[in-house]
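Colleague: Could you zoom in on one spot and take me through it at residue level? I'd like to know what sits around it and how it ties into the rest of the fold.

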Amino acid sequence: MMRFICLLVLFVGLHFKADAAPPPLASLFGGGFSLVDQDNQVRTDKDFRGQYMLIYFGYTFCPDVCPTSLGILADSYDALDKSVKDRIQPLFISLDPARDTPAVIKPYVKAFHPDFIGLTGTVAQLKEATKAYRVHWRKFVPEGSDPEKDYAVDHSSLTYLIGPDGNFLTLFPHGSRQEFMVSTINKYLSENK
Ligand code: NI
């Protein structure tokens, strides 16, 4: 039991360590990706030109961090006026392609919001996407666990707002509240009618 608690602390600690980075320059984030969606369709960043994107990286087996973040993202998205909401596509990108097949991702993202699109890809495709967004991620196998089935994926927990031209606009640190997300999203979208 003690070992489990220690590992849990380590896991949560790593999550927050990654989140503690100072706000970086806009030019450091964003870029191309080519992934597959929850319906097995290839999706690239170019498919979403003309729309704003809210992007979150995680994995469906995440015990706490992803569900919390995706819940706040869904609530924030729903709190926007319809005219604003219609210009935004929220995306969840799974960093656990071995377990998060499209069939697993689909009910997961739709449970948070029917408008969400879930994506994943090969490890090479995910390396490209995470490099572009500077996402820290690492498979973490607790001692004595099955490395194929019973593992965690340590990952940074940030939500990115990307503009209709594909350029990075801002990011929301882990724990950002709904009111802050809604006002920030409204600010960016009102500047670009
Ligand atoms: Ni997570």
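**A buried lysine and the helix packed by its neighbours**

Modeller: Let's start with Lys-85, which counts as buried because its relative accessibility is 17%, under the 20% cut-off. Bear in mind that this is a predicted model. Lys-85 belongs to helix 3, which runs over residues 82-85. Leaving out residues up to four places away in sequence, Lys-85 touches Tyr-77, Asp-78, Leu-80, His-113 and Asp-115.

Now widen the view. Helix 3 is among the elements that cover the buried residues of helix 6, and that cover also includes helix 2 and strands 3, 4, 8 and 9. Helix 6 takes in residues 178-190 and reaches 18 Å from first C-alpha to last, close to the 18 Å expected for its 13 residues. Its buried residues are Met-181, Val-182, Thr-184, Ile-185, Tyr-188 and Leu-189. As a reminder, an α-helix has 3.6 residues a turn, so residues three or four places apart point the same way. Tyr-188 has a lysine over its ring as well: Lys-187 lies over the face, at 4.4 Å from the ring centre.

From there, follow the rings. The structure holds 11 aromatic pairs. In one of them, Phe-57 and Tyr-160 have ring centres 6.1 Å apart and planes at 90°, so they meet edge-to-face. Phe-57 is in strand 3 and Tyr-160 in strand 8, so this pair ties together parts 103 residues apart in sequence. Phe-57 counts as buried at 1% relative accessibility, and Tyr-160 is buried at 0%. Another pair, Phe-172 with Phe-180, is also edge-to-face, with centres 5.8 Å apart and planes at 80°.

For context, the protein chain has six helices and nine strands, and 46% of its 193 residues are buried. Among contacts between residues at least 6 apart in sequence, 71% join residues at least 24 apart.

One last stop is the nickel ion, held by Cys-62 (SG), Cys-66 (SG) and His-155 (NE2) at 1.9 to 2.3 Å. Its donors are spaced C-x3-C-x88-H in sequence, and both Cys-62 and Cys-66 are buried.

Terms used
Residues numbered from 1 in each chain as written. Predicted model: local features only at pLDDT ≥ 70, side-chain atom pairs only at ≥ 80, totals over all residues. Heavy atoms only, no water. Helix = DSSP H or I, 4+ residues; strand = E, 2+ residues; numbered from the N terminus. Buried < 20%, exposed > 50% of the residue type's maximum accessible area, 1.4 Å probe, protein only. Contact = heavy atoms within 4.5 Å. Donors = N, O, S within 2.8 Å, 3.2 Å for Na, K, Ca; no water. Expected span 1.5 Å × (residues − 1). Phe/Tyr/Trp six-rings, centres within 6.5 Å; stacked < 30°, edge-to-face > 60°. Lys NZ or Arg CZ within 6 Å of the ring centre and 35° of its normal.
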